[in-house]
Amino acid sequence: VGIRNSLDMAKCQVGIASCVRLGQGRSIRIQTAAGRGLFAQIDGEPWKVRRNTTVEVSLRSQAAMLSKTKSREDAVYKISQVLLNAEIARIISPNQHKYLLNKIQKEVASD
């Protein structure tokens, strides 16, 4: 699946948005352009694919990587906990926490 940013990833994980399905197969080859690389996550491990690189991914066994929460309220609560932990760890500022939570609540209300 493809996402645009980390906020989209969080929304997909809690079930208030959908990821973009890029493709499916037993073996996938991804080639990055000469001018830039891309960020990826495989088996939960984030990494950067360098520019002008070919990555081959093949199927070994299946595992669910994203799952929906039971309700939208539960989703917003879980996201608020992640934001709070990020603020406590000084990854984001209190203003960023407030902005992101506001944005998420508006997204949930508009769906």
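Me: How do α2 and α3 run relative to each other, roughly parallel or antiparallel?

Reply: Angles under 35 degrees count as roughly parallel, over 145 as roughly antiparallel, 65 to 115 as roughly perpendicular and the rest as oblique. In this predicted model, α2 (residues 72-88) and α3 (residues 94-110) pack at about 170°, and are therefore roughly antiparallel. Their axes (lines fitted to C-alpha atoms over the stretch in contact) lie 10 Å apart. Helices are DSSP runs (H or I, at least four residues).

Me: Which residues of α2 and α3 meet?

Reply: Contact means heavy atoms within 4.5 Å. From α2, R72, V76, I79, S80, L83, L84 and E87 meet P94, H97, L100, L101, I104, Q105 and V108 of α3. By class, this contact has 9 nonpolar, 3 polar and 2 charged residues.

Me: Which element gives the most to the lining of the second largest pocket?

Reply: A pocket is an open set of 1 Å grid points where a 1.4 Å probe fits, with protein on both sides within 12 Å along at least five of seven lines; lining residues have an atom within 4 Å of a point. Here α1 gives the most, with 6 residues. Of the 15 lining residues, S6, L7, A10, V82 and L83 are closest to the centre.

Residues are numbered from 1 along each chain. Local features need pLDDT of at least 70, side-chain atom pairs 80 or more, while totals for linings use all residues, and side-chain values leave out hydrogens and water.

How values were computed. Axes fitted to C-alpha atoms, helices over the stretch in contact; angles between N-to-C directions. Helix = DSSP H or I, 4+ residues; strand = E, 2+ residues; numbered from the N terminus. Nonpolar A, V, L, I, M, F, W, Y, C, P; charged D, E, K, R; others polar.
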